[in-house]
Amino acid sequence: MNGVTLIRGARHWRTGERIEIAFAGGEILDHVPASPERVVDAAGTILAPGLVDLHVHLREPGQSAKETIETGARAAAAGGFTAVACMPNTRPPVDDVAGVEWVRRRARDAACRVHPIAAVTVGQQGEQLTEFLALRAAGAVALSDDGHPIMSAGLMRRALEYATHAGLPIVAHEEDLTLRGEGVMNEGFTATRLGHRGIPSAAESVMVRRDVELAELTRGRVHFAHLSCAASFAALRDARRRGLAVSGETCPHYWTLTDEAVGADDTNAKMNPPLRSDRDLEATIEAIVDGTVDCFATDHAPHTAEEKGQPFDAAPFGIVGLETALGLTLTALVRPGHLRPERAIELWTEAPRRLFSLPAVSLEPGSPADLVLIDPDLEWTVDASQFQSKGRNTPFDGWRLTGRAIATFCRGTQTFALEGTLAGARS
Amino acid sequence: MSLTLQSAHPAPSGAGIFFAPSTAIRGRHLLGLEGLSPATILEILDEAEGFRARWRAEGKAPSRELRGVEVGNAFFEDSTRTRVSFELAQKRLGATLVSFSAAGSSVSKGETLLDTCHTLAAMGLDLLVIRHRAPGAAAYVARHLDVGVINAGDGTREHPTQGLLDLLTLRDAWNGRFEGRRIAIVGDIAHSRVARSAIHGLTTLGTEVTLAGPATLMPEDAELLGVHVAPTVEDAMAGADAVMALRLQRERMETGLLPSTSEYARVWGIGEERVALLKPEAIVMHPGPMNRGIEIAPEVADGPRSRIFAQVENGVAVRAAVLVRVARAAREAREARA
């Protein structure tokens with residue numbers, strides 16, 4: 001009995017070589033002990049650092065009917081994630097030290113690491129800055145008013161300037177509310193046909209462009225959340241060329257679906273920013289391939305069946321994403337040849353950790369044992385009724401995907417095991 | 001049997017059910033004109049014409065086509081004309097009807113659309129005629145409840161009985177021929193369910209449709225509906241066989257979409273000079289209620305080409321035909337289940 005787990009037979013996610021690693025006490029060991037307590041036969045799988053999702057809504061405090069930190073973390077583990085950064089648009093919003101500490105305490109025994117993102121402004125009202133340095137000291141890894149845009153350019157400027165002291169990125173939810181109006185889906189032919197009010201992609205891109213300029217003015221750091229359209233990626237590419245400290249994420253639904261998925265008012269295809277046009281989907285993939293996109297995120301946004309069961313207009317925006325993210329990455333980006341598998345994994349692991357300065361995780365001795373075993377050839381059907389998340393609001397229910405996480409370890413403890421896989425794996 | 005749910009992705013727990021976008025009479029309901037076949041549309045017009053002829057010839061003593069059928073008129077949005085039109089049709093055919101309007105209803109106490117309709121259905125109503133501000137509301141209710149649903153206007157999506165009565169009015173004026181005809185639809189297209197239903201019906205029957213109106217009120221990619229978008233109302237109306245003027249709502253000025261009603265009237269209003277651009281036998285239509293002097297000049301509304309009041313008469317007949325169809329389908333569905 002030595003508390004050692006040995007994983008053998010897997011391939012290194014980057015080099016592709018056979019690799020054997022042992023870990024104990026939450027850390028990867030520099031040797032393989034003689035009789036490990038547990039041996040996991042991981043033949044046929046890829047071993048990688050656990051995935052990181054920089055953009056999830058865990059709904060606590062205050063909205064636990066939709067999700068709790070516990071259920072959200074379990075969903076994350078089931079998706080191969082060992083860490084998430086959670087957004088502060090809760091009730092109350094996480095805009096002070098007490099809020100950050102509350103989330104961290106609540107997440108202590110969770111199935112993945114939970115890094116709180118704190119609000120940029122008090123109550124996310126867009127008026128008064130929060131105490132960035134105190135929030136950072138309490139454990140916030142970024143600042144965001146996500147859920148709401150920071151409409152005032154003047155305030156965004158001050159936020160970017162002040163954030164330089166805290167060394168935290170501002171995660172920008174880009175949406176000009178006056179252009180968005182009362183829109184419920186992408187402005188385009190599908191909305192015209194359905195008679196739904198539209199949200200033009202310009203509502204997002206004008207704000208991306210604005211904040212690119214402000215990033216230049218302030219030399220501040222902006223991370224663009226959930227980019228969804230060609231014009232936004234063009235703006236990000238331009239900012240990159242100008243050497244600005246900006247970054248951007250995109251989400252699996254933007255590389256797999258268009259606004260046509262709304263179909264006959266499917267509220268599981270309603271989110272903000274909305275699904276866009278064919279051209280935007282192509283541009284999303286292009287931006288991923290050419291490196292404009294810095295990392296992936298899910299914008300996991302659970303809602304109750306009751307809420308999503310309302311007429312389309314009334315239903316809240318948002319879909320869950322933790323449990324389908326990796327499958328959609330492997331199926332829609334890697335298999336068709338847009339991305340090499342190691343690049344895809346990098347965009348879910350090293351890239352997000354770097355962007356938010358999270359502790360590095362690798363397969364090297366001394367690294368935290370935050371690991372995922374991925375079976376890239378496993379065919380599976382998405383079944384929302386089996387999700388770990390409380391939220392079932394996904395447009396991917398019934399989709400046949402290839403590639404899935406089959407085991408996840410966080411701090412050396414197994415947090416997820418897919419039934420019927422892996423000899424030696426234990427749930 | 002009942003509404004076909006062609007779900008490619010079976011939805012869990014009933015939320016967000018996805019089904020193929022046919023809003024037609026899928027056996028049981030009239031949710032919209034999109035997807036209705038030409039044959040079905042023409043049959044309904046024939047049936048409507050039959051009712052109209054009977055009422056003109058024999059007076060309006062109640063008949064029995066809908067005897068024993070209980071209909072709920074669930075109007076979550078105000079409408080006197082449409083509701084009264086439905087009620088008249090129901091009464092003339094011997095139906096039992098109850099009408100419900102939003103003001104003072106349980107909806108204002110926060111009861112959901114679904115719960116309200118569910119309550120009405122639980123009382124045993126066979127059909128629901130629904131008007132609601134949410135696009136897709138009628139389909140939504142049809143998806144969840146076991147009643148026949150007739151869409152009386154769902155937000156900015158469709159108003160199929162209006163579309164049908166417009167088609168009947170045009171059929172009369174056009175001697176039965178839709179193909180090769182040209183019609184101009186003018187005004188606030190973006191917010192008009194009347195325009196959408198008309199577009200679906202007319203394009204299905206082979207009529208060339210041209211839209212005109214302020215760019216701020218023209219929906220994105222409208223051409224993809226199979227219509228032309230003209231740069232000016234004169235272009236749209238030149239040589240057309242009919243013009244349909246849409247109502248301009250006060251709200252459009254209040255929300256920054258238009259500067260004023262007077263500018264609208266000058267640039268897009270259907271006045272005598274513009275009417276003169278139409279073909280000699282062309283007609284003028286308006287779904288009502290009219291803003292006289294804004295989207296339509298009073299002399300045009302009252303003029304010889306106007307068919308505005310014919311539209312209203314046709315509305316009762318069309319609704320009668322639709323009620324009979326949907327009631328029959330509901331009865332057949334019930335019998336099939338028994």
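Modeller: Before we look at helix pairs, an axis here is a line fitted to the C-alpha atoms, for helices over the stretch in contact, and angles run from 0 to 180 degrees between N-to-C directions. Helices (H or I, at least four residues) and strands (E, at least two) are DSSP runs, numbered from the N terminus. This is a predicted model, where local features need pLDDT of at least 70, side-chain atom pairs count only at pLDDT 80 or more, and totals for chains, interfaces and linings use all residues. Residues are numbered from 1 along each chain as its sequence is written, chains are lettered from A and ligands numbered from 1 in the order in which they are written, and side-chain values use heavy atoms, with hydrogens and water left out.

Colleague: Which residues of α11(A) and α12(A) meet?

Modeller: Contact means heavy atoms within 4.5 Å. On the α11(A) side you'll find A325(A), T329(A) and V334(A), facing P341(A), A344(A) and W348(A) of α12(A). That contact splits into 5 nonpolar, 1 polar and no charged residues. For the classes, Ala, Val, Leu, Ile, Met, Phe, Trp, Tyr, Cys and Pro count as nonpolar, Asp, Glu, Lys and Arg as charged, and the others, Gly among them, as polar.

Colleague: And what about helix α4 and helix α7 of chain A: how do their axes cross?

Modeller: At roughly 45°, coming within 9 Å, with α4 being residues 153-166 and α7 residues 202-218. Angles under 35 degrees count as roughly parallel, over 145 as roughly antiparallel, 65 to 115 as roughly perpendicular and the rest as oblique. So α4(A) and α7(A) are oblique to each other. Here too the crossing is right-handed. Look for M156(A) and L160(A) among the α4(A) residues, and L214(A) and L217(A) among those of α7(A). By class, this contact has 6 nonpolar, 1 polar and 4 charged residues.

Colleague: Over in chain B, what is the crossing angle of α5 and α6?

Modeller: Roughly 55°, between α5 (residues 160-173) and α6 (residues 193-204), whose axes come within 8 Å. That makes α5(B) oblique to α6(B), and α5(B) passes α6(B) in a right-handed crossing. The contact includes G163(B), L167(B) and L170(B) from α5(B), with V194(B), S197(B) and G201(B) from α6(B). Its make-up is 5 nonpolar, 4 polar and 1 charged.

Colleague: Now the chain pair. How many residues of chain B are in contact with chain A?

Modeller: 29 residues of chain B, against 27 of chain A. Buried area is the accessible area (1.4 Å probe) that two parts lose on being put together, summed over both. For these two chains that comes to about 2300 Å², 53% of it on carbon and sulfur atoms.

Colleague: How many salt bridges cross the interface of chain B and chain A?

Modeller: Side chains of opposite charge can pair when their charged atoms come close. The rule wants a side-chain nitrogen of Lys or Arg within 4 Å of a carboxyl oxygen of Asp or Glu, and it finds 2 across this interface. R157(B) forms one with D265(A), 2.6 Å from N to O. Over all chains the count is 43. Inside chain A, E307(A) and K66(A) pair at 2.9 Å, N to O. E307(A) lies in helix α10 (residues 305-308) and K66(A) in the loop between β6 (51-56) and α1 (69-78), so the pair ties together parts that are 241 residues apart in sequence.

Terms used
Left-handed = near helix turned anticlockwise from the far one by under 90°.
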